[in-house]
Amino acid sequence: MAPGLSIAIAEKRFGSAPPLFSDFRLEVAPGSILALLGPSGIGKSSLLRLLAGIDRDFSGTIAIDGVAADRAPMPGFVFQDARLLPWLSARDNVLLAAPALGAPAAKALLDQVGLGGRGPDFPAQLSGGMQRRAALARALAANPGLLLLDEPFVSLDAALAAEMRALLARLIAANQPSMVLVTHDAEDAARLADRAVVLAGRPAAIFADLALSVPQAERDEAQVAEYRRRLDALAKGPA
Ligand SMILES: Nc1ncnc2c1ncn2[C@@H]1O[C@H](COP(=O)(O)OP(=O)(O)OP(=O)(O)O)[C@@H](O)[C@H]1O
């Protein structure tokens, strides 16, 4: 079910600014959990929007299982802010992403993210962490096979971020998706990803491409710390 991604951007620029990407290539294997790191402004969120087919203004090709991104099934997308529609309940926010799902399946997804019983609540009645969980449920409803996550834990306190990472690890194990996780935090990559790509420069190039080959479920704290140390060093970019 999990698709492979094939990115070959000839050029992506905004207006007359220097290009964000020029002759940029990246292949993501089916079922891969790819963490995308790099300094602020390098183009990580822009790349996610291109992958989602939301932004079509570029030259080149981006294919999801061989289908152009803007014609492929919509991925599940988690934005930096939860972006729930405030006038819909949590359950209806999930259903809006996949109307054919039906209320029992929407409830099951909310149960899966720890929001059992909160389906009728409106976003304003949910804490920030709960809204992120609802956004994850909505993404799974849209497409459990391909998830694009843009800093899903940003601005959560450390305990809540750890809880969300553990939840995401469980969802990955249950759904086996392909995933691109944009993050500025090496901890996210060290705990969740099986591959980490660090972008640097303008136009952005792949500065480092690290295989995190110890399976996620088998990583102990020492292994996580070792991956985090290596990623922190790489995330500093070229000397
Ligand atoms: N719609 C837009 N119009 C014009 N410029 C844009 C637009 N979206 C992004 N940019 C510019 O493109 C560059 C890359 O932005 P992007 O948000 O992709 O970076 P990022 O790596 O995700 O950064 P951060 O880690 O801070 O979220 C920035 O210089 C930004 O100002």
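In the predicted model, strand β3, which covers residues 33-37, runs parallel to strand β9, residues 195-200, and four bridges join the two. Within this pairing, Ala-35 has Ala-196 of β9 as its bridge partner. Strand β9 is also joined to strand β10, residues 205-211, but here the two strands run antiparallel and the number of bridges is six. One of the facing pairs consists of Leu-199 and, in β10, Ile-206.

The hairpin of β9 and β10 has four residues between its strands, and in this hairpin Gly-201 adopts a positive phi near 90°. The loop between β9 and β10 also contains Pro-203, and the peptide bond that leads from Arg-202 to Pro-203 is cis, its omega being near -5°. Most peptide bonds, by contrast, are trans, and most residues other than glycine have a negative phi.

Ser-155 is located in the loop between β7 (146-150) and α5 (158-175), and its phi is positive, near 65°. Because Ser-155 has 11 C-beta neighbours inside 10 Å, and a residue with 12 or fewer is classed as exposed, Ser-155 counts as exposed. Gln-176, which is placed in the loop between α5 and β8 (178-182), likewise has a positive phi, in this case near 50°. Gln-176 has 15 C-beta neighbours inside 10 Å and therefore counts as partly exposed, since that class lies between the limit of 12 or fewer for exposed residues and that of 20 or more for buried ones.

A separate description applies to the open sheet formed by four strands, whose order is β2-β1-β4-β5 and whose pairing is antiparallel. Its edge strands are β2 (21-28) and β5 (67-68), each of which pairs on one side only. Strand β4, residues 59-64, is joined to β5 by two bridges, and these strands run antiparallel; in this pairing, Ala-63 stands opposite Ala-68 of β5.

An α-helix has 3.6 residues a turn, so residues three or four places apart point the same way.

As regards confidence, the protein has a mean pLDDT of 94, and 100% of its residues reach 70 or more. For the complex, the predictor gives an ipTM of 0.97 together with a pTM of 0.95.

Key
Residues are numbered from 1 along each chain as its sequence is written. This is a predicted model: local features need pLDDT of at least 70, side-chain atom pairs count only at pLDDT 80 or more; totals for chains, interfaces and linings use all residues. pLDDT is the predictor's confidence in each residue, from 0 to 100. Two strands pair if DSSP finds at least two bridges between them.
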